[in-house]
Amino acid sequence: MASLFSSTQPLPPAFNRGPAPATKPATLRAQTTPHPQPTCNTSADDNSRLAVAQRKTVELQRLKDKEAKDRKEETNKKIASRKAISVVLRREATKSHIEKKKGSKRLLPRTVLEALHERITALRWESALKVFELLQEQLWYRPNPGVYIKLIVMLGKCKQPEKAEELFQAMIDEGCGVSHESYTALISAYGRSSLFDKAFSLLEQMKNTPDCQPDVHTYSILIKSCLQVFAYDKVQALLSDMEIQHIRPNTITYNTLIDAYGKSKKFAEMESTLVAMLSQQDCEPDVWTMNSVVRAFGSSGQIETMEKCFERFHSAGIQPNIMTFNILLDSYGKAGNYKKMSAVMEYMQKYHYSWTIVTYNVVIDAFGRAGDLTQMEYLFRLMRSERIKPSCVTLCSLIRAYGKAGKPEKISGVLRFVENSDVMLDAVFFNCLVDAYGRLGCFTEMKGVLEIMEQKGCSPDKITYRTMIKAYSFNNMTGHVKELHELMQSAGSQMTWSQRQKPDF
């Protein structure tokens, strides 16, 4: 170790130092010392300093050039970004008001087609038809049967079958040949409006049209429309017709039947359909089949049967999805089996199933019904922290729970949340609010709900008045009951009542 750190020279040699002068003899010590001769040390140091200074100058200039280049690129990016945003905003503004540009024949194809697609997706059928008329006026327009089919499907969803048939005829007039897809879209439009005579007539017409024979998709759509209005006789007629036409039902057909029978509590028909499905070699049940069967038994309170069906499907290799777990949570919650509901929640967390708004609505409602406000409020906060926007169903569950627990101040907190949010409120929410205030005996607040409804542009319905009458009657407030009865009679001619479906979790 000493050899590594020791040195024969006590000091390091001087940088760029010249050789040491030779020792003079002693006899020369008395002589006059001559002037020292200039060496190269000074010039070498100067050259070194100059080189370092030049190098620093070059590096500084290079750094300045790089900064200037970066600033220029950043400025160009900002300018390009502003221009891009300006172009997008102009295009969006054009799309939002494009139906007002009637007569303009030089619009960009992308702008018009995007505007049409947005209106079709949003089911804004009147605006979509105006944009389509504008599309037909463009110089670059060529008839496209695909666009017609999308419009016909949209009109069917909007319960406008006559408009759909007008488009069907216009498609033919423009030279687009009829196809299996266009016929199926038109049949679906009439089926959704429960105009089955016309739908069956089109089906027969379709059979007699070359290259337009109905297939399993056509029959499945018509069967679903019949099931929605409980026209089971027409369903059996369609199934018999399929057998005559040698068209075999597929998984979608069977799932449609199983789901409809399950929701109608027709368990025998549901099971026989499932058996028929399993007997087909090329028709395997899937997760939608499992969800329909599990929902049918769970919603009717047959928890053990639901669990057995779930195990059988799962052992057959069918993996559950988030909808399956939502159904299990809802079934256990309504049955009051919170232990199993918590087990499902732990399973979802363990295997990283992301909760949806439906999941949160189910568990919030379940804990609210159980009176566990602490857990309910924790889930509501967790929902918001996950950036999942609460819906009207969520708020109804909160208000219902606070009403049963006697917490009017908590209801006021929900209303403050509503004021600071953009949640779309409907009559179901206000009816729930009226019921909660009626339970609590807060009749001033209950009557004030009618004013809030008027401000929000929501009209009271029969349930609103009946809920208020029930609250007044329970507290022997006969004068208010009589007043509401008179109000209902006077508004009876103006009040339109459409049966509202219960929120489907």
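Predicted model: local features only at pLDDT ≥ 70, side-chain atom pairs only at ≥ 80, totals over all residues.
Start with helix H16, residues 338–350. Its 13 residues reach 18 Å from the first C-alpha to the last, close to the 18 Å you'd expect at 1.5 Å a residue. Now look at which side chains are tucked away: the buried residues of H16 are Met341, Val344, Met345 and Met348. Seen down the helix axis, these buried residues fall within an arc of 100°, so they line one face of H16. If you're wondering about the spacing, an α-helix has 3.6 residues a turn, so residues three or four places apart point the same way.

What sits over that face? The cover on the buried residues of H16 includes helix H15 (322–335) and helix H17 (357–370). After H16 comes histidine 352, with a positive phi near 60°.

Aspartate 211 isn't a glycine, yet its phi is positive, at about 60°. You'll find aspartate 211 in the loop between helix H8 (196–207) and helix H9 (216–228). Its relative accessibility is 76%, so aspartate 211 counts as exposed.

Further along, asparagine 476 is another residue other than glycine with a positive phi, near 60°. Asparagine 476 lies in the loop that runs between helix H23 (462–474) and helix H24 (478–490). With 66% relative accessibility, over the 50% cut-off, asparagine 476 counts as exposed too.

Methods: Residues numbered from 1 in each chain as written. Heavy atoms only, no water. Helix = DSSP H or I, 4+ residues; strand = E, 2+ residues; numbered from the N terminus. Expected span 1.5 Å × (residues − 1). Buried < 20%, exposed > 50% of the residue type's maximum accessible area, 1.4 Å probe, protein only. Arc of directions from axis to C-beta. Contact = heavy atoms within 4.5 Å.
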